[in-house]
Amino acid sequence: MTDRSEMFDRLKGLIEPFNKKGVEVVETTTFAGDLEWDSLTVMDFVAEVEDSFDIIISMNLQAEIENVGQLVDAVTKLTTA
Amino acid sequence: MTDLFSKFDALIAQREGLLATGVKDPFSLVMEEVKSPTVAVVNGKETILLGTYNYMGMTFDDDVIAAGKQALDEFGAGTTGSRVLNGTFQGHKECEDALKEFYGMDHAMVFSTGYQANLGIISTIAGKGDYIILDIDSHASIYDGCKMGDAEIVAFRHNDVDALEKRLKRLPADAGKLVVLEGVYSMLGDVAPLKEMIRVSKEAGAMVLVDEAHSMGFIGENGRGVAEEQGVLDDVDFVIGTFSKSVGTVGGFCVSNHPKFEIMRLVCRPYVFTASLPPAVVACSAASIRKLMHNSNKRAHLWENSRNLHQGLRDLGFQLGTPNAQSAIIAVVMPDLEKGAAMWAALLENGLYVNLARPPATPAGMTLLRCSLCAEHSSDQVADILNRFERAGKAVGII
């Protein structure tokens, strides 16, 4: 099982190419507010995460994920299920 | 007190900003007179209609109008009831019979709008624990159907067969799966690779629903849509369609060969808990659907119009949504909303109506001037349309 900081670093690495504003990425960074991602960017990013971890992040689940910490939790759960 | 309308402030400000630049409001246009499927009077001016989805020009067809008048006389103005109570008249059955014949399918169910057809079928057949896999650029009625139901929603990149296949493979093998596709996507007018998408869906054990709203009547040998054109209609479990485009009236439907399909009439809430279509509407629709079965000359002319408009706009230097004419929708890409609204207004001043489409309805945040052709547009009208585009485009500085 991947530990939390390792998962955070991996996801942070996936966020960076989409982090056009150069926002500092921490657990509480929000996708809509801080990173200012529109729906198209969200879709591209979700596809990246899904393909990197070979998982599905349903739109129902996406609706509950607002910040990076929540994404770390969700992906951890999906990859250890 | 918190004003519940404060959530709309950003949109209100954007709209006011746009109107302050002096353009007419693109979203409150009134057709004062409608002279034919291709000409109306707007702001007192005779205007060519190039944004109505009235693909086959059936709105003023003599037989269609005669059928409607007769039904109005014989069955009255409305049904005042649900399809499952007092709202199914002879005309509703005749309309469903016409659809079954048109598609060569066993079952047909007529809804009061196309929106309700997607809302009802999708929310009802995919339940808790099931998965709906849909194209990210799906129509609002598809998304709303998903939101109304209890299934898990999985989106894939627009028209990307690999992305669809990968996601299907990651889902539990024994879970119920519904793949939702459209034949023609209405914003750019591009066609889906249904053949490949349906193949990978079937391999994954999924049922397939295809919305053929923008292809009925003129794509495919019998006008049954993109699935027919690509030779895969037999593998489609549910076809969703509308009367408000090629058929020329209003209403929606689902056709299917599923042996248990008729149960939908009892469990589908947007079918049960609303009044059925008025007698005149179903009579017009049935007459129109029957005429659409035999219309190869009109279909050929519509394709000719679409190709000529696409080629002509490209030659003038406009940026278009598709590299070639794939349907009767030609989308002209605008640099931004302000220029798009200015161009829209300039076209209207030149006596030409098109749709102004903007986010969130459009993909990739684009502003589009969406043109939809009609089989009743003459070749001269298409040439005239191109002249008006040239004048307006130069006036606004887009070409």
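**Chain contact and a sheet of chain B**

The contact is made by eleven residues of chain A and 13 residues of chain B, where two residues are in contact if their C-beta atoms, placed from the backbone, lie within 7 Å. On the side of chain B that touches chain A, strand E6 (152-156) and helix H6 (161-170) of chain B each supply at least two residues. Helices (H or I, at least four residues) and strands (E, at least two) are DSSP runs, numbered from the N terminus. That side of chain B holds seven nonpolar, one polar and five charged residues; Ala, Val, Leu, Ile, Met, Phe, Trp, Tyr, Cys and Pro count as nonpolar, Asp, Glu, Lys and Arg as charged, and the others, Gly among them, as polar.

This is a predicted model: local features need pLDDT of at least 70, side-chain atom pairs count only at pLDDT 80 or more, and totals for chains, interfaces and linings use all residues. Residues are numbered from 1 along each chain as its sequence is written, with chains lettered from A and ligands numbered from 1 in the order in which they are written.

Now the sheet. Three strands of chain B form an open antiparallel sheet in the order E13-E16-E15; two strands pair if DSSP finds at least two bridges between them. Strand E13 (329-334) and strand E15 (355-357) of chain B are the edges, each pairing on one side only. From one strand to the next the twist averages 30°. Angles run from 0 to 180 degrees between N-to-C directions, and axes are lines fitted to C-alpha atoms, for helices over the stretch in contact. E13(B) and strand E16 (residues 367-372) of chain B run antiparallel and are joined by six bridges; B:Ile329 has B:Ser372 in E16(B) as its bridge partner.

Helix H12 (residues 296-316) of chain B packs on the sheet, where it touches E13 and E16 of chain B, and its direction makes about 20° with that of E13(B). Helix H13 (residues 337-349) of chain B also packs on the sheet, touching E13, E15 and E16 of chain B, with its direction at about 35° to that of E16(B).
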